[in-house]
Amino acid sequence: MPGRIAFAVACACLIGWAGPASAQGYPTRPLRFVVGFPPGGSTDVAARVIAPKLAERLGQPVQVDNRAGAGGTIGVDTIAKSAPDGYTIGFGVSGALTINVTLQSLPYDPRKDLAPVTLVAINPLVLAAGPSSPVNSVRELVAWARPRSAQLAFATGGTGTAMHLSGAMLNAIAGIELVHVPFKGNGAAAAGLIGGQVPLAILDLTSARPFLRAGRMRALGVTSARRTPLAPEIPTIAEAGVPGFEMNSWFGIIAPAGTPSEIVTRLNSE
């Protein structure tokens with residue numbers, strides 16, 4: 001999507017910039033790593049893998065700070081409004097940086113208020129069914145839902161997320177009407193699916209894999225154009241009954257606009 005391309009191009013420019021190796025004396029105190037989702041989702045897991053390694057490289061603690069809500073927008077706004085001194089960084093996700101720009105009035109401008117540091121991951125999503133679902137495949141879902149408008153709900157980790165957009169795309173392409181039920185993060189959406197509160201969910205694959213392996217939810221299809229090496233046994237939604245469907249989420253590390261270029265380059269390098 002255009003937002004992902006723009007973000008990647010910005011990151012590539014940072015990688016190629018031949019600036020100083022590090023800012024003078026930076027860092028001299030702990031860093032805050034803001035994650036716009038609650039614990040348990042792919043961004044939180046990634047942050048808790050990256051933070052201790054980054055701390056080793058920088059010689060200062062890196063503390064994960066979960067600021068959940070509004071599809072990652074609260075976390076991004078926290079970063080945008082922080083001092084541009086290199087001591088607050090965090091994750092920007094596709095929903096908060098590109099999708100929500102077209103859906104609502106944001107308290108920040110991603111192009112003016114943020115500095116991209118690096119792309120971290122492009123993450124496939126999975127359409128999953130829970131114990132209360134009447135369907136076991138994408139084809140069954142489409143056949144069941146077409147004559148029963150607004151009778152099946154799907155959970156996601158929040159309004160304006162890539163998961164929400166995936167559901168809207170599925171409705172549009174397949175000619176069905178699933179009802180969106182936003183939860184506060186992927187972990188909560190997965191719990192709602194397993195607990196029978198909703199029959200379907202669109203989750204990031206990282207969050208869903210333990211539950212899929214344990215048989216607590218069933219994978220109907222992944223949203224990527226091709227099967228993912230992470231779970232090659234799961235068909236794509238396109239091959240499973242909705243030709244032309246494709247969607248991925250992505251996230252990367254961002255800093256407040258105005259952060260010195262030497263610090264951004266140092267963070268990118270580390």
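Helices (H or I, at least four residues) and strands (E, at least two) are taken as DSSP runs, numbered from the N terminus. The model is predicted: local features need pLDDT of at least 70, side-chain atom pairs count only at pLDDT 80 or more, and totals for chains, interfaces and linings use all residues. Residues are numbered from 1 along each chain as its sequence is written, and side-chain values use heavy atoms, with hydrogens and water left out.

T156 is found in strand β5 (residues 153–156). T156 has a relative accessible area of 0% and is therefore buried (under 20%; exposed is over 50%, partly exposed in between; 1.4 Å probe, protein chains only). A polar atom of the T156 side chain lies 3.2 Å from the backbone nitrogen of G158. Contacts of T156 (heavy atoms within 4.5 Å), not counting residues up to four places away in sequence, include H164, H180, F183 and I202.

Three aromatic pairs are present in the structure. Rings of Phe, Tyr and Trp (its six-membered ring) pair if their centres lie within 6.5 Å; planes under 30 degrees apart count as stacked, over 60 as edge-to-face and the rest as tilted. Y26 and Y87 are edge-to-face, because their planes stand at 65°, with the centres 5.3 Å apart. This pair links distant parts of the chain, 61 residues apart. Y26 lies in the loop between α1 (2–16) and β1 (31–35), and Y87 in the loop between α3 (73–80) and β3 (88–93). Both Y26 and Y87 are buried.

F91 and F251 also form an edge-to-face pair, at 4.9 Å centre to centre and 70° between the planes. F91 belongs to strand β3 and F251 to strand β9 (residues 248–256), 160 residues apart. F91 and F251 are buried. Ring pairs join F33, F91 and F251 into a cluster.

Charges also sit over rings (NZ of Lys or CZ of Arg within 6 Å of the ring centre and within 35 degrees of the ring normal). R29 lies over the face of Y87, 3.8 Å from the ring centre. R148 lies over the face of W144, at 4.4 Å.

A pocket is an open set of points on a 1 Å grid over the protein atoms alone, where a 1.4 Å probe fits, with protein on both sides within 12 Å along at least five of seven lines; lining residues have an atom within 4 Å of a point. Residues lining the second largest pocket include I50, R57, V120, I253 and E270. Two or more lining residues come from each of α2 (42–58), β4 (114–129) and α10 (261–269). The most come from α2, with four.

Terms used
Polar contact = N/O pair within 3.5 Å; in protein donor to acceptor, adjacent residues only side chain to side chain.
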